[in-house]
Amino acid sequence: MKATEHRIALKHLGKINPESIDEYIAHGGYEALVKALDMEPVRVVEEISRSGLRGRGGSGFSAAQKSRSTGETTKWNVQRYIVCNGDESEPGTFKDRIIMENDPHLLIEGMVIGAYAIGASKGYIYIRGEYSKAISLIRKAIKDARNKGYLGKNIAGSEFSMEIEVKPGAGSYLSGDGFSMLETIEGKRGTPRVKPPLPMERGLFNKPTLINNVETLAHLQSIILNGGEWYASMGTATSKGTKIFTVTGDVKNPGFFEVTMGTPLRVLIEDLAGGMKEEKKFKGALLGGAAGTFIPEEYLDTPLCYDAMREKGFHLGAGAVIVYNDERNLADTVSSLLSFFRTNSCGKCVPCRVGTTQLKKMADKVKAEGADKDALLDEMLKQARMMAATSLCAVGQSPLLPLESAIKYFRKDF
Ligand SMILES: Cc1cc2nc3c(=O)[nH]c(=O)nc-3n(C[C@H](O)[C@H](O)[C@H](O)COP(=O)(O)O)c2cc1C
Ligand code: SF4
């Protein structure tokens, strides 16, 4: 771990054997759960609220607000679910795999705390199908937790009971979308639902459902153990705590780094990821994966904070940072991103089904000899804006983000 890293979700990495519940317990594991079970559920939500934790799956939505809405929509005797999103389908993102493979009990403990807070008796961990190691480790951890009394009936001697089941995904980008994931868990084709209602109101099997990302849940153990204020003492005014970023591309030391929110992007790239490979010059980075934005050098000192980035027109997303040197042509990257969206469009709504194909065709035309590039780029932006306004989910809404930022900052590449 480098000096500029600060580990909370990755605090046990390399320190414990992920297959050993005893080692986890020896490091203070399941103490937070016992503490939470001694509190009223509403107090647990308050502690999460004090921490200022925001969802780490991409949207950055308040974790406490989601818990409150799931717990308060209907009466307490209603069946509720908690679903952990471990689909990790965004290109360039692999932080959830690192958590699941190295600290499965941290996720399970966080999930049981999250379930208790909203009164959910059943949880599902939806894991990307290709993550076979994570799937088997989590399954073993569930079994071990049940044997030790941290899952199942009367958890840790309390009145609270819950079960967790693993659902392996089938490897589709769209299944990472919360609604599509619920459809898949219900045994249907993984396509988005029309909202409202939101999952907090009517989610899995039409019951109130809290969907949280793996990394979000991995923070709950430390928040309950140390208190929400401790967590909120780190980060920026509106983005608290730490976040894992995965840095790949033309850097010397690609990998995953957990840093305090507000750390400048430059520190992540130049210090933690070792700077540019082969001493080439930095050109830009794609922040937030395929559904992200290109960021040029002049913004490298922007703090990694949801709002500071948004104010400048960028998106943190799930924390993927793909770095490009100045020999890369970003129009080529945009073209492959558009292929990605075309391939992943489920076809349910027309603007996305037709639009993703059209955008890719136009991207190819831009490259052709003698093309009127400016007119084509304007047309592409118009089309992408129309898709963003009328598509049902992020697959149709997102092509605008990389396209617009690439045209704004790297127009010469087209
Ligand atoms: C196409 C698409 C793919 C998504 N993929 C993921 C994913 O792989 N993992 C994830 O946690 N969230 C993903 N999301 C966001 C989820 O819908 C949801 O907002 C998130 O899991 C909520 O967790 P959080 O509040 O803890 O961030 C995706 C959304 C869309 C539209
Ligand atoms: S926006 Fe695209 S992926 Fe999403 S529902 Fe519509 S067609 Fe399917």
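**View 1. The domains of the protein chain.** The protein chain is divided into domain 1 (21-232), domain 2 (242-325) and domain 3 (330-413), with bounds that come from an automatic or database domain assignment. This is a predicted model, in which local features need pLDDT of at least 70 and side-chain atom pairs count only at pLDDT 80 or more, while totals for chains, interfaces and linings use all residues. Residues are numbered from 1 along each chain as its sequence is written, and chains are lettered from A and ligands numbered from 1 in the order in which they are written.

**View 2. The contact of domain 2 with domain 3.** The C-alpha centres of domain 2 and domain 3 lie 23 Å apart. Their contact takes 10 residues from domain 2 and 11 residues from domain 3, where two residues are in contact if their C-beta atoms, placed from the backbone, lie within 7 Å. On the side of domain 2 that touches domain 3, strand 7 (282-287) and strand 8 (293-296) are the elements that give two or more residues; helices (H or I, at least four residues) and strands (E, at least two) are DSSP runs, numbered from the N terminus. Strand 8 provides the largest share of this side, 3 residues.

**View 3. The shell around ligand 1.** Of the 23 residues around ligand 1, those that come nearest are Gly55, Gly57, Gly176, Asn213 and Ala394; a residue is near a molecule if its C-beta atom, placed from the backbone, lies within 6 Å of it. Two or more residues of the shell come from each of strand 4 (209-213) and helix 17 (394-397), and strand 4 gives the most, with 3 residues. Domain 1 (21-232) and domain 3 (330-413) each supply at least three residues to the shell around ligand 1.
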